[in-house]
Amino acid sequence: LRNTMRFLLGNLNGFDAAERVEAADMPELERWVLHRLAELDQVVRDGYNKYDFQGVFQALFQFCTVDLSSIYFDIRKDVLYCDAANSPDRRAARTVLDILFHRLTTWLAPALVFTMEEVWLERFPGEASSVHLQDIPATPAAWLNPDLAAKWAGIRRVRRVVTAALEIQRADKVIGASLEAAPVVHVRDAGILAAVRSVPFADICITSAVV
């Protein structure tokens, strides 16, 4: 969780409201993250209403480990580090990181009291500043998108196959970084094939090309 917050802090340096992108104008990957946040919002609120701190913590830990670190942050590192400051993809990614920052800090504050205060003050310093004076932000209902989530479940299944194959090639010293690869992917399911073709799948797999 500390690594997740450190990634957010590092990539939000200099972010301001003028850079913000509306959800409807974001790439699908960002809108999928917003969908996951909409799902988690209900989990967090229901959990705290029941005083189920452990359940909330486990759901958020899983989200940070799997959805963020292994997928979203991994895919978007190139955009965040290499794209022009005003590129639409980078602005959309930084908008989502800002949304993640405000939700994760307020969601985790009751369980990780000192850590989330430390994170909050790193970005918003001041004697009167505290994450414990912040309400959990309201989550727009429009972020919930089951159709997009189903589509990306298929895309993620194909990505897992590709990344597993890349790990074998890396272990065998055929490649170093995944960007040295241009995998050939065979997809039997017509629906999943259409989904994969509708997105920049090479970027999602962090490869130089995909056939």
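Tutor: Contact here means heavy atoms within 4.5 Å. This is a predicted model, where local features need pLDDT of at least 70 and side-chain atom pairs count only at pLDDT 80 or more, while totals for chains, interfaces and linings use all residues. Residues are numbered from 1 along each chain as its sequence is written, and side-chain values use heavy atoms, leaving out hydrogens and water.

Student: Fine. How many helices and strands are in the protein chain?

Tutor: The protein chain has eight helices and zero strands. Helices (H or I, at least four residues) and strands (E, at least two) are DSSP runs, numbered from the N terminus. In sequence order the pattern reads α-α-α-α-α-α-α-α.

Student: And the dimensions of the C-alpha trace along its principal axes, what are they?

Tutor: The C-alpha trace of the protein chain spans about 55 × 35 × 35 Å. Of the 211 residues in the protein chain, buried ones make up 43%. Buried is under 20% relative accessible area, exposed over 50%, partly exposed in between (1.4 Å probe, protein chains only). Among contacts in the protein chain with a separation of 6 or more, 76% join residues 24 or more positions apart.

Student: Go to α1. Which of its residues are buried?

Tutor: Thr-4, Met-5, Phe-7, Leu-8 and Asn-11 are the buried residues of α1. They sit on the same side of α1, because they cover an arc of only 155° around the axis. The arc is that of the directions from the helix axis to the C-beta atoms.

Student: What is on the face of α1 turned away from the buried side?

Tutor: That face of α1 carries the exposed residues Arg-2, Asn-3, Arg-6 and Gly-10.

Student: What do the buried residues of α1 pack against?

Tutor: They pack against α3, α4 and α5.

Student: Change of topic: the largest nonpolar core. How many residues, and which have the most contacts inside it?

Tutor: The largest nonpolar core has 57 residues, and the ones with the most contacts inside it are Leu-8, Tyr-72, Leu-97, Leu-100 and Leu-104. Elements giving two or more residues to this core are α1 (2-11), α2 (28-49), α3 (53-82), α4 (88-108), α5 (113-123), α6, α7 and α8. A nonpolar core is a set of buried Ala, Val, Leu, Ile, Met, Phe, Trp, Tyr and Cys residues joined through side-chain atoms within 4.5 Å.

Student: Take Leu-97. What is it in contact with, leaving aside neighbours within four places in sequence?

Tutor: Leu-97 is in contact with Phe-7, Leu-8, Asn-11, Leu-12, Tyr-72, Phe-73 and Leu-80. Among these, Phe-7, Leu-8 and Asn-11 are buried residues of α1.

Student: Now α7, residues 190-197. Which side is which?

Tutor: The buried residues of α7 are Ile-192, Ala-195 and Val-196. They cover an arc of only 95° around the axis, so they lie on the same side of α7. Ala-190 and Arg-197 are exposed on the other side of α7.

Student: What do the buried ones of α7 pack against?

Tutor: They pack against α6 (146-171) and α8 (201-205).

Student: Where is Val-187?

Tutor: Val-187 is in the loop between α6 and α7. Its relative accessibility is 21%, so Val-187 counts as partly exposed. Not counting residues up to four places away in sequence, Val-187 touches Val-158, Ile-192 and Leu-193. The C-alpha atoms of Val-187 and Phe-7 are separated by 34 Å, and the two residues are 180 apart along the chain.

Student: How many disulfides does a search of the whole structure find?

Tutor: The search finds zero. A disulfide is a pair of cysteine sulfur atoms within 2.5 Å.
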